[in-house]
Amino acid sequence: MAPHDLRRPFKRAAISDQQKRRELSLLRQAQNRRDAQQQARCLASSILSLQSPVPESEPEPEQPDIDLETAIEAEQESGASSKDLDVRRASKLRGPEVRKWFARQLMLPEWMIDVPDRLSQDWYVLARPSGKRCFVVSSNGTTVSRLRNGSILHHFPSALPAGAKTRDGSGSAQSYCILDCIFHELDQTYYVIDVVCWNGYSLYDCTAEFRFYWLNSKLEESGACSPPSYYHKYRFSAVPVYNCDQNGLYTAYTGVVPYAKDGLLFYNKHAHYQTGNTPLVLVWKDENCSQYVIDTDSKGEIPSQQQVVLELQDNGKLATSDDPPVVFGCLDADMIQQSGLDSGNLLRFAISDGGLSFSDGKLEKADLNYLGKSNRARAFADSYSKILFQYTVRHSPLKIDDLLASINSPDDQENKSCDMEMAG
Amino acid sequence: MAMEITQFLLAAQSADAKVRTEAESSLRQFQEQNLPVFLLSLSVELANNEKPVESRRLAGIVLKNSLDAKDTGRKEQLVQQWMAIDISVKSQIKDLLLRTLGSSVPEARHTSAQVIAKIASIEIPKKLWPELIGSLLNNMTQQDRPPAVKQATLETLGYVCEEISDQDLVQEEVNAVLTAVVQGMNLAEHSPEVRLAATRALYNALEFAQTNFENEMERNYIMKVVCDTALSKEVEIRQAAFECLVAIASAYYDVLEPYMQTLFELTSNAVKGDEETVALQAIEFWSSICDEEIEREFESPESGDSEPSHSRFIEKALPHLVPLLLETLLKQEEDQDQDDTIWNISMAGGTCLGLVARTVGDAIVPLVMPFVESNILKPDWHCREAATYAFGSILEGPTIEKLSPLVQAGLDFLLNAMKDGNNHVKDTTAWTLSRIFELLHSPASGFSVISPENLKRVIGVLLESINDAPNVAEKVCGAIYYLVQGYEDAGPSSSLLSPYLTDIISCLIATADRTDGGDSKLRSSAYETLNEVVRCSNIAETSHIIAQLLPVIMNKLGQTVEIQIISSDDREKQGDLQASLCGVLQVIIQKLSSTDETKNIILQAADQIMILFLKVFGCRSSTVHEEAMLAIGALAYATGPQFEKYMAEFYKYLEMGLQNFEEYQVCAITVGVVGDICRALDDKILPYCDGIMGLLLKDLASSELHRSVKPPIFSCFGDIGLAIGEHFEKYVPYALPMMQGAAEICAQMDTADEEMVDYGNQLRRSIFEAYSGILQGFKSVKPDVMMPYAQHLLKFIELVSRDRERDESVTKAAVAVMGDLADALGSNTNTKLLFKDCAFCNDFLGECLQSDDEQLKETASWTQGMIGRVMVS
């Protein structure tokens, strides 16, 4: 039996601060390690830079309410944005770079110019609220909404996880959310159409099915759907998502919702959240479910001829913003010379009476009439799907009945023809 | 075959350093050239009664040191060497040693007993010396053996019992040993020397007596002999017998009931009237009973069928025990507070009283308060000190409701007593105040005996008394330490302290600067209290004060570098002072970098601070300064990527720290700092990674390095992997096998040993952290690198998931790494196959999803999503 240690001198209890310092250091290191790994796990560490002590050095360009025309137009802008999401790099961004980065992070739907296969099995549908598309980020006791161009819309407390500095303490740095929302001016509500990160967990690489499931179970639970209060300035609301069967599609199309609709959004159930344009999310609209079916000009009027914006390439070709670009026509060298145009310029054209002609579903010829350089605010040319959608809207629109019919038909394949019809 | 080495052994003890060194080197040469003959020669020397005592003694010591060492690595090596020696040589040595037990020279017998025990510790567990116990017992049973042999034999038995474990002997051997030992204690038959040796041997053999203590007759017999021996004429024997009783109190608490009456009388008489060495053991007996009962009280009553019994001995003895202990308090010695090595009856009595208070709680208060009240005002300082000590001793245990009226009524008296004319009274009063602040002052949880109104007076008294004699000042530091600690994270209450902060800080610095403290104890107490003051201050209100403290401390640290170093004593003093100051800097750095508003203060001073730390490192040649290293970790965390510019100069110290096997704490801290730097620099650490990884791998492979450093090294792999991403690829062939090897060690760990279970949990968590960091680093760049290791990792997770005893933190790390694996490898056929085969995943995730821990649930959902993604797409 080992001899017992001399009893600790009761009255001489030494304060061992060194041991305490060691232990506190270990605790700090363990916490930092957890945060770092968690950050990597959740990808969205970029959010931390929102709280960076360095203020965004450029004054936030005051965005007066963007009119819907621009908002819709803007929808197509970032067609060529990077597909790779490098959040680790993004986490090191500061100031204006943060804004630029955010501007590229939204997933942008293509326009529905034909009905995808297996619509009823593989797709969801929802009625898109009209309003300002934005990313809402809650982190470290505050919530920020950023518009498509990265500029800040609101800075406010919310009931989202880590969204407000409440008395019971805000979440740690690793707790944050990123929601894809549309801010609906009339009822001052953020309608959540997708979730990218929730409470520190990245859902970028998860299927839409999983993301919507997660969103539905978590959003309500967080209290973010409650009416506004001191710690919760704006109400959030989930948008009802339906399986795209007959019932679902019909409900989304006709159902009464508390917001003004701006078309229908279709989500492929298996698609991950992908930044930039994707054919796995589609938008479709007609006069019944949107006020803004046909593009308006800067005065808010519908021009008599459809207008498109194309990019001038080195070889004089006029291309869309798609990757790879679709060529709509060609300018001859003389004309380029005379008008003082350079490659990379975005040019505005009207589609004249000759219209667009297709063969085998491919664009063959477009009757374009040069109008001039486009608005300087534009960063990208139109996408192919947008031009085509606008074209069909003016000529032979894809109707809700076509969609319903495609679900009804025993063989979805048949609906392929619809595209040809339109082109004709 | 043995060599004549007497001359060398004598010369090795010569006063002439030259002669000594030469002899030592000859002996070493001999040892290296032919170890078996060397050891044999030593035992021949030891056994030879014609040789001088001096050479025999040294022969024994060298022999012993050839068999055992403190360092486990070295010890293992010695054991191997011994095992490799030819069996005939070994048995010659053993015979010589056993024969030496009969020597007429006491020192030779004693040394021989020790060496036998060392050989026994190697050979008995391996059953290589079965005849040892028999031949020792033979010495005891043969009537004609002289007392000296019996004494040496009993001593040997005691040492052997101390070295081996109770599983190494069969019950018959245990019985025979106990019989021999207990008979050796018999008064009628044996001389005092034999009885003393027997009693001491019993102390070591008690651990073997489990079975015997379960048998009532045998137990009664042993207890009777021990109690009788506790009344021996010889004080040393009485002390040894009481030491046995102390050991019995701990080991056999459950069966003590029938003997308690006797034991109370025995100990009570010893406390009252025996020599101090005996009385101290008698008090220790009751302290040990308290330890047992506190532990039993602490274990929850629902803990199952094996619940240990609680006999409430202290409660039953209370009316007699408390007065007995109170009496001891009056037996102080003059100047006992000046010397930290003093341990006397009044200190032991007070310590025991404190344990009794923790054992019985409120019941002690009415028994102690009359003593306090009747003595606190007496002219004799002994009475006033004893009364204060008694009061201070019972502050832990009784309820706050019971204590707070008493403390509230007495606080003012105590504050006044800080002006008592007697140093001891002031010392104990300051200690009592620190106990009050420690135990009854917690504004953070809404309770304190100090009102905001009397805080001013409390601080006033403390800051005046800190100028008192060094021993009093040191206790006052303790009081300030606990006073400020109460305000840590205390919400609005933490503001109460802010107005006094400047005064407190300047008094502490003045105290640290005092030169009358003798040793550096007062100074380090003052600095450590200063640390607590900084840590607990309300940052929003006091950041400017702390910002002003920073250059003061930096200046002081700068001055230490200038100190002239002549002796090693100077060097040590410089090191201590630097340790204290680096500690303060670390705390300041951490405090100021904790908020965005104040972080800039650190960033602006970072260059200067780093220059200082590098100078501190420069003061030593072979080791790095532990405290400076600790502070650098905090600085790296504060500065982030900016730390890169210091790396070129700092790197060599980092290397030095990672190579410090002996001071493993330094190594461990350096490993932690590597992690801090990884997070600060990210891939900018790359140029240093070859060196760092090389050293970390060497550390892992070393048997010399304390095992507690190994888990942090694995975690550090994760930090590096995360920081440098795909560049970790070149380390994979080295690091991953180490991780797999460690995982396999975890699988085979002894689950009965609580300490090993703890260690196993740490190791498992750190292996998972390593995988997480590395996987995350490779994610989306080179995930394929990790594919070959995925199967092994999943098997390891499975194994851990099946362990019901696993720690919560291990569960979290395991579930997270599973998600990381799915996330990093991404969706492809191989990954799908990998997870398809892993049926345990669902059970494990299911278990985690049902946890009450939100964080764990979230992690598990996320992991589920990651695996789902792999499987679906």
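This note sets out points on helix packing and aromatic pairs in a predicted model.

1. Helix H38 (residues 808-825) and helix H39 (residues 829-836), both of chain B, have axes that come within 9 Å and cross at roughly 155°. Because angles over 145 degrees count as roughly antiparallel, H38(B) and H39(B) are described in that way. On the side of H38(B), the contact is made by Met818(B), Leu821(B), Ala822(B) and Leu825(B), and on the side of H39(B) by Thr831(B), Leu834(B) and Phe835(B). Six of these contact residues are nonpolar, one is polar and none is charged.

2. Helix H10 (residues 171-184) of chain B holds 14 residues and reaches 20 Å from its first C-alpha to its last, close to the 20 Å expected at 1.5 Å a residue. Its buried residues include Val174(B), Val177(B), Leu178(B) and Val181(B). The buried residues of H10(B) pack against helices H8, H9, H11, H12 and H13 of chain B.

3. Over all chains, the count comes to 32 aromatic pairs. In one of them, the rings of Tyr124(A) and Phe212(A) have centres 5.5 Å apart and planes at 75°, so the pair is edge-to-face. Tyr124(A) belongs to strand E2 and Phe212(A) to helix H6 of chain A, so the pair ties together parts 88 residues apart in sequence. Both residues, Tyr124(A) and Phe212(A), are buried.

4. Tyr389(B) and Trp431(B) also form an edge-to-face pair, with 5.4 Å centre to centre and 70° between the planes. This pair links helix H20 with helix H22 of chain B, the two residues being 42 residues apart. Tyr389(B) counts as buried at 3% relative accessibility, and Trp431(B) counts as buried at 4%.

5. Ring pairs also join Phe156(A), Phe183(A), Tyr190(A), Tyr234(A) and Phe236(A) into a cluster.

Terms used:
Residues are numbered from 1 along each chain as its sequence is written. Chains are lettered from A and ligands numbered from 1 in the order in which they are written. This is a predicted model: local features need pLDDT of at least 70, side-chain atom pairs count only at pLDDT 80 or more; totals for chains, interfaces and linings use all residues. Side-chain values use heavy atoms; hydrogens and water are left out. Axes are lines fitted to C-alpha atoms, for helices over the stretch in contact, and angles run from 0 to 180 degrees between N-to-C directions. Helices (H or I, at least four residues) and strands (E, at least two) are DSSP runs, numbered from the N terminus. Angles under 35 degrees count as roughly parallel, over 145 as roughly antiparallel, 65 to 115 as roughly perpendicular and the rest as oblique. Contact means heavy atoms within 4.5 Å. Ala, Val, Leu, Ile, Met, Phe, Trp, Tyr, Cys and Pro count as nonpolar, Asp, Glu, Lys and Arg as charged, and the others, Gly among them, as polar. The expected span of a helix is 1.5 Å times one less than its number of residues. Buried means under 20% relative accessible area, exposed over 50%, partly exposed in between (1.4 Å probe, protein chains only). Rings of Phe, Tyr and Trp (its six-membered ring) pair if their centres lie within 6.5 Å; planes under 30 degrees apart count as stacked, over 60 as edge-to-face and the rest as tilted.
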